[in-house]
Structures are given as structure tokens and as C-alpha cells.
Amino acid sequence: MASTDLQSIPVATSQHDQLVNITDEVAGTIPPGFNGMCFVFCQHTTAGLTINENADPDVVHDLLLELKRLVPWRNPGFLHGEGNSAAHLKSSLVGTDVAIPVEHGRLALGTWQGIYFCEFDGPRQRRVLVRLLANGK
Amino acid sequence: MASTDLQSIPVATSQHDQLVNITDEVAGTIPPGFNGMCFVFCQHTTAGLTINENADPDVVHDLLLELKRLVPWRNPGFLHGEGNSAAHLKSSLVGTDVAIPVEHGRLALGTWQGIYFCEFDGPRQRRVLVRLLANGK
Amino acid sequence: MASTDLQSIPVATSQHDQLVNITDEVAGTIPPGFNGMCFVFCQHTTAGLTINENADPDVVHDLLLELKRLVPWRNPGFLHGEGNSAAHLKSSLVGTDVAIPVEHGRLALGTWQGIYFCEFDGPRQRRVLVRLLANGK
């Protein structure tokens, strides 16, 4: 099974802070029977990617709440003129890439895992890239 | 050298918060002479993976201590009924995957680096997946 | 296009806490026309790697400022004799590896993204490894 071209998934966020479940969109890039790795990459510096609970939406609520408490929007020492340094730090804390094994055409996620696009300075039009690399023969 | 099948490593944790050094188990999945990348993936949403100091166990103690201070177990705003939202956030902060170069069959870790499974809501039976992708010829 | 050998990039840091933009050095390891993934790996336990704003240096200032507020250098409960546990935790929070898609020989970074080596206990002589894996045919 060959690898595939670099693919792009648009993500339109509607809130300032938001976790958008993109698992189905990522899974949709994988050909039947594919074995290898799926790499998802966020091209933005005030957003990120994470893998977390896909079932209870209260977990998403709590993640965003606690991130806001950890990294408040304002800090009197911030210099960046756009005023969104908190979003930049949250991006670095959750990270901008995830790598998921693929087996027989399916993401090898745990039962409760979903892939989330993390918006920290929305709403905006965003996009993530997906690259598949096939297992050798 | 071909790549290998997806492999699974069981991790039994014994404490609520614990870092388990799984470097030897990950290294054990790598065939002699293999060149490429080793991808380790945690299938759980209240646990994670990180790479940190392998020598002084006091570093592990201090990492867990400071993570608990940063993300206390209780926050009056948490909604998730299981009450383990702090563990979910720690999972997203350290991340659920690591990618390590492999050269001549050996993980290209630094002298002081070990791979740790991070338990944030144990004790539990956990597992991580390992996928190797070979360098092209 | 075949993959290439594991490459090493030296990074000499000059401050205790510093973000060093290594995007050009990483890009320099990529052969013309290469398609696949670029994996960057930090071999140190008191440093890390992150992808963030490449334009306004005030963002870098703010990131380091807020990380210092989040994880102060001293905590009376720290046991590690070297006294740099805060640097170890920052390493685990930002992570020690990044994975970036490569298309037609170029890193598929967003317009405002740069790759940063994150020094949290410098100044020191550091190095990062770069592994390229090619897309299948």
C-alpha cells in the first residue's frame, strides 16, 4: 500500500476557545487497508492539536476552563502587540502535531480517544495537514 | 530492513500518579540494524507519554509534584462526572505520543533520556502501541 | 526520492532561558524535491522543541515569561539535587520532538511558524537530531 499525497482539512471555529473533534475528517483521509502512521499538523501559532476524551463533552469544557485558569489572557508583563500571547503559549503546551498509528485502514485510537483541533484565539478559518506514511513491506 | 508490525506493550500502574520507565520495553521492539523512526502511542485519555531524566528518581518525584501543583485535582468549575478532569488535562499537556529516531537498531536517545508512561488516574492496566517506520533505501 | 541519514544540528545557547529559531538549519537538511515527513528530536532533558511565531520576537519573550510564572524555579518540595527540576518539567510540557510534513523539498509550516529549540537551563552546548522519512511511491 503506497502512501498518499499531503492532504488539507479546513476547520472553521466559532468560539474564542474551542476544541473541535476532527477525528472523522482525519480518518476520511486514510485509504482502505492502509498500514503505517498518520501525522496531523496544525499550521497556526495560536491553535494546536490534542487527543483526548471523545464521549462526554464536559471533559472538553473542563480542559478549556483549566487551561484558561493556568494561562490567563492578560499578564502585565506581556509585550506582544496583538495581545494574544496566552493563545501562543497554549499552542506550545498542547503542541501542534499528533502522530497516530494506522492498522488495516483504521486509526489505532483508544476507545475513548478523539483528535481535537484546539482553537485558542478564534473564531477563525483554520486548517490542518494530514500526511500518511506507509509501513515498509 | 523492513518495518515491523504494530506492537503493543502492557503497562500496569500501581499508583494514582506515576511515571513508569518503559525505555527497555520500547527498545525491545526494535530489530537489530533497524534504521528509521520509532513511534510510541498511548491509547488512554488520563495518561500520557514523555521523555525525561532516566537517572535520578528525584526528578520523577519533582515532575509529578509540580504537575499536581499546576493542575490540582479539584476545581469547583469542573463538570465531568468522573471527577478526573485534572488527569485529562495533564494527558494533553505532556501529550500522548513520542517519536524517537532509531539508528543501527538503537533508540537515538540522549544519555540521560528515558521514555516514561505517565499515569495520572491510576492504578490501572494500560497499554502503549509501538510502530516502527524504516528509512528509505 | 530516498530518505536520508540521521543528521545532527548543534545549538549553542547563550542564556538560561532562551528560544532559538532553528528553522533554517532544519530546512537545510532537506534535499530538493523531497516529499515526506521531517522529524526533529531534542536529546536533552532540560530543553525541548516547539513550533511558534517566527515574526515578532515579543512572542518569544512572552512565552518564556509566562512559562517562568507557571513553573517557578524553586518549589520547597523539590528533591532533585541539581535544583533544575523546573527545567525538566518545562521540557515535558513543550515536548522533545516535533514532526513536520515536507512537500516538494519544503517544510509545510504555516506562514507565521518557526521551529524553536527551547533552552530551559542554559547556557549550554546542545544538539538536535533530524530524521527524514520519504513518502512511498
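This is a predicted model: local features need pLDDT of at least 70, side-chain atom pairs count only at pLDDT 80 or more; totals for chains, interfaces and linings use all residues.
To compare copies of a chain, you superpose them by least squares on the C-alpha atoms of residues with pLDDT of at least 70 in both.

Residues are numbered from 1 along each chain as its sequence is written, chains are lettered from A and ligands numbered from 1 in the order in which they are written, and side-chain values use heavy atoms, with hydrogens and water left out.

**One chain**

- Chain A has 3 helices and 8 strands; helices (H or I, at least four residues) and strands (E, at least two) are DSSP runs, numbered from the N terminus.
- Read from the N terminus, chain A goes β-β-α-β-β-α-α-β-β-β-β.
- The C-alpha trace of chain A spans about 55 × 30 × 25 Å along its principal axes.

**How the copies are arranged**

- Chain A can be superposed on chain C too, by a rotation of 120° with 0.0 Å of shift along its axis (RMSD 0.0 Å).
- In chain A, the C-alpha nearest that axis belongs to Leu93(A), at 3.3 Å.

- Two packed helices are described by the angle between their axes and the distance between the axes.
- Axes are lines fitted to C-alpha atoms, for helices over the stretch in contact, and angles run from 0 to 180 degrees between N-to-C directions.
- Helix 2 (residues 57-70) of chain A and helix 3 (residues 85-94) of chain B have axes that come within 9 Å and cross at roughly 70°.
- That makes helix 2 of chain A roughly perpendicular to helix 3 of chain B (65 to 115 degrees; under 35 is roughly parallel, over 145 roughly antiparallel, and the rest oblique).
- On the chain A side, the residues in contact include Leu63(A) and Leu67(A), and on the chain B side they include Leu89(B) and Leu93(B).
- Sorted by class, this contact of helix 2 of chain A with helix 3 of chain B has 6 nonpolar, 2 polar and 2 charged residues; Ala, Val, Leu, Ile, Met, Phe, Trp, Tyr, Cys and Pro count as nonpolar, Asp, Glu, Lys and Arg as charged, and the others, Gly among them, as polar.

**Aromatic rings**

- Over all chains, a search of the whole structure turns up 3 aromatic pairs (rings of Phe, Tyr and Trp, its six-membered ring, with centres within 6.5 Å).
- Phe39(A), Phe39(B) and Phe39(C) are linked into a cluster by ring pairs.

- Most residues other than glycine have a negative phi, and most peptide bonds are trans.
- The peptide bond from Gly122(A) to Pro123(A) is cis, with omega near 0°, and Pro123(A) sits in the loop between strand 7 (113-119) and strand 8 (125-134) of chain A.
- His104(A) isn't a glycine, yet its phi is positive, near 50°; look for His104(A) in the loop between strand 5 (97-103) and strand 6 (106-107) of chain A.

How values were computed. Contact means heavy atoms within 4.5 Å. Rings of Phe, Tyr and Trp (its six-membered ring) pair if their centres lie within 6.5 Å; planes under 30 degrees apart count as stacked, over 60 as edge-to-face and the rest as tilted.
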